[in-house]
Amino acid sequence: MVKPQSEPVALQAVLDEAGMARTVARMAAEILDRDGDDVMLVGIHTRGVPLAARLASALKEATGHEVAVGRIDITLYRDDVGPWRPAHQQPVLKKTVLPKPIDDRIIYLVDDVLFTGRTIRAALDSLIDYGRPKAVRLVVLVDRGHRELPIAADVVGRSLETTLQEDVQVRLKETDGVDGIWIGREV
Amino acid sequence: MAVESAAALSGKDVVGISHLSPGEIQLILDTAEELLEVAKRPIKKVPALRGSTVVNLFMEASTRTRFSFEVAEKRLSADTLNFAASSSSVSKGETLFDTARNLMAMAPDFIVIRHPHSGAPHRLAKVVPASIINAGDGINEHPTQALLDAFTMRQTFADLEGLKVVIAGDIRHSRVARSNAFLLDKMGAEVRFVAPASLQPVDVEELGVIPFLRLEPALEGADVVMMLRIQLERQKRVNFPSMREYFDFFALTPERLDLAAGHAIVMHPGPMNRGVEIDSGVADGPRSVILDQVTNGVAIRMAILYLLAGGRSEAASDS
């Protein structure tokens with residue numbers, strides 16, 4: 001839910017590549033502490049998908065076990081597409097892939113930035129159409145506040161104090177060629 | 001991929017393949033690819049079109065296309081209203097436009113129309129703000145059928161460019177053949193029309209296809225063989241001596257299919273007349289993708305509804 005930029009912004013680095021690697025390792029440890037490795041990680045398109053893969057490899061490194069990893073596209077569940085609001089260009093659909101039935105499993109939804117909470121609401125609705133998990137937890141790399149729905153993350157990489165005008169940018173090697181987190185401020 | 005996908009559909013309607021750009025065709029096919037998965041879920045329904053209304057206005061007999069649209073609409077959570085010519089006031093003499101104006105009073109977001117008159121959806125699109133989807137108009141176009149056919153071809157061949165596609169049967173009366181010819185030409189495939197001279201379309205050269213009067217030479221090296229049914233309901237006089245003779249010269253039999261490329265697939269938009277244009281051994285054989293076409297049709301119609309939902313507000317305000 002990052003707003004398109006109309007003003008020029010100056011980017012300020014919050015986390016670099018090494019910092020991100022440490023943060024992801026710590027997040028994996030928190031998942032392990034809480035539920036062990038019998039969980040399924042489900043990344044939300046776009047950047048939640050590589051993040052889920054990174055968490056899975058961190059979990060494997062720690063335990064030696066493969067963790068199930070899926071990905072979910074929430075486009076068809078969004079509250080800002082469809083005929084009731086003008087949106088000339090519909091978001092491009094991506095694949096939802098869940099490697100095993102989600103019934104009675106602990107599911108960790110993975111996303112890059114937690115902001116209004118609307119993406120997570122859509123992801124929960126979508127997930128529940130596939131079955132009845134034992135529990136759904138939320139992992140985010142950045143929690144930037146400003147929730148519009150009663151949603152909270154269980155595992156957080158970084159909590160950032162932001163204003164609504166600021167733009168939080170997570171970039172990952174898999175999608176953007178570089179690892180890091182930046183905050184954009186209006187010049 | 002040969003053709004770059006467009007970012008959005010440019011118009012509020014999908015009335016014919018002739019109005020779509022190659023990029024728009026690619027966009028619809030790519031979107032349908034993702035929507036195919038919805039049918040494999042335990043709950044085969046997504047809320048994308050929740051709260052929107054679709055009127056299915058079928059002024060001509062249809063089972064497959066009407067069901068396919070209805071399933072697509074329901075899987076996207078739209079509300080559907082079905083109007084069939086025989087059970088509505090159309091049979092009491094109301095004109096298409098009066099019917100449409102009355103329907104608009106119910107504020108539908110989409111009208112899916114099948115009509116015996118060529119051009120009816122195009123005219124309707126000009127007078128109503130709803131998005132019009134052509135489900136077949138006279139002998140003009142059947143765009144969703146051509147799109148699902150292209151989608152089915154892509155499942156086997158990945159790219160449409162350079163494919164050799166044989167379309168055989170009652171081409172003169174076939175909107176399926178016309179829409180397929182438009183689409184395949186835009187996407188760089190080669191189309192071969194096979195029919196007796198009496199059933200070739202009058203504008204065969206303008207369509208950019210190669211006409212054949214016999215099936216055998218056209219089948220040589222073909223990647224796709226699409227058989228069409230004889231549309232007795234659209235013919236005032238009979239254009240060939242007998243069904244038996246038609247079968248002898250034009251039906252797709254296992255022996256004839258052997259003339260096509262080894263990887264060739266067999267398609268039919270339905271309804272099939274077994275023993276007239278297609279032998280049962282071919283229709284039910286391993287190279288038949290006829291039932292895949294039906295499954296894919298739902299995903300294509302979902303894709304069009306989804307994509308039009310995004311563009312409607314802006315496009316409608318232009319008119």
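Predicted model: local features only at pLDDT ≥ 70, side-chain atom pairs only at ≥ 80, totals over all residues.
**Entry 1: strand E5 of chain B**

I then looked up the strand as a whole and found E5(B) mostly covered, with five of its five residues buried.

**Entry 2: the partner of E5(B)**

I next asked in which sense E5(B) and E6(B) pair, and over how many bridges. The two strands pair in the parallel sense, over five bridges. As one example, I noted that B:Val165 has B:Val191 in E6(B) as its bridge partner.

**Entry 3: the sheet of chain B**

I traced the sheet to which these strands belong. It is an open sheet of five strands in chain B, in the order E7-E6-E5-E8-E9, and the pairing is parallel. Why is one side of E7 and of E9 left without a neighbour in the sheet? Strand E7 (210-212) and strand E9 (265-267) of chain B stand at the edges, and each has a single partner strand, so one side of each has no neighbour there. From one strand to the next, the twist averages 20°.

I also looked up the pairing of E9(B). Strand E8 (residues 224-227) of chain B pairs with E9(B) in the parallel sense, over three bridges. Here B:Val225 has B:Val266 of E9(B) as its bridge partner. I then turned to helix H6 (residues 175-186) of chain B, which packs on the sheet and touches strand E5 (164-168) and strand E6 (190-194) of that chain. The direction of H6 makes about 155° with that of E6(B).

**Entry 4: two helices of chain B**

I examined how helix H1 (residues 22-35) and helix H5 (residues 143-157) of chain B meet. Their axes come within 10 Å and cross at roughly 65°. Angles of 65 to 115 degrees count as roughly perpendicular, and H1(B) and H5(B) are therefore described in that way. Their crossing is right-handed. On the side of H1(B), the contact is made by B:Ile28, B:Leu29 and B:Ala32. H5(B) contributes B:Leu147, B:Ala150, B:Phe151 and B:Arg154. By class, I recorded six nonpolar residues, no polar residues and one charged residue in this contact.

**Entry 5: two helices of chain A**

I then looked up helix H1 (residues 17-35) and helix H2 (residues 48-63) of chain A. They pack at an angle of about 65°, with their axes 9 Å apart. H1(A) and H2(A) are therefore roughly perpendicular to each other, and their crossing is right-handed. From H1(A), the residues in contact are A:Val24, A:Ala25, A:Met27, A:Ala28, A:Ile31 and A:Leu32. From H2(A), they are A:Arg54, A:Leu55, A:Ala58, A:Leu59 and A:Ala62. I classed the contact as 10 nonpolar residues, no polar residues and one charged residue.

**Entry 6: chain A as a whole**

How many helices and strands are there in chain A? I found four helices and eight strands. From the N terminus on, the elements run β-α-β-α-β-β-α-β-β-β-α-β. Of the 187 residues in chain A, 37% are buried. Finally, I considered contacts in chain A between residues at least 6 apart in sequence, and noted that 71% of these join residues at least 24 apart.

How values were computed: Residues numbered from 1 in each chain as written. Chains lettered and ligands numbered in written order. Pairing = 2+ DSSP bridges. Axes fitted to C-alpha atoms, helices over the stretch in contact; angles between N-to-C directions. Contact = placed C-beta atoms within 7 Å. Parallel < 35°, antiparallel > 145°, perpendicular 65-115°, else oblique. Left-handed = near helix turned anticlockwise from the far one by under 90°. Nonpolar A, V, L, I, M, F, W, Y, C, P; charged D, E, K, R; others polar. Buried ≥ 20, exposed ≤ 12 C-beta atoms within 10 Å, placed from the backbone.
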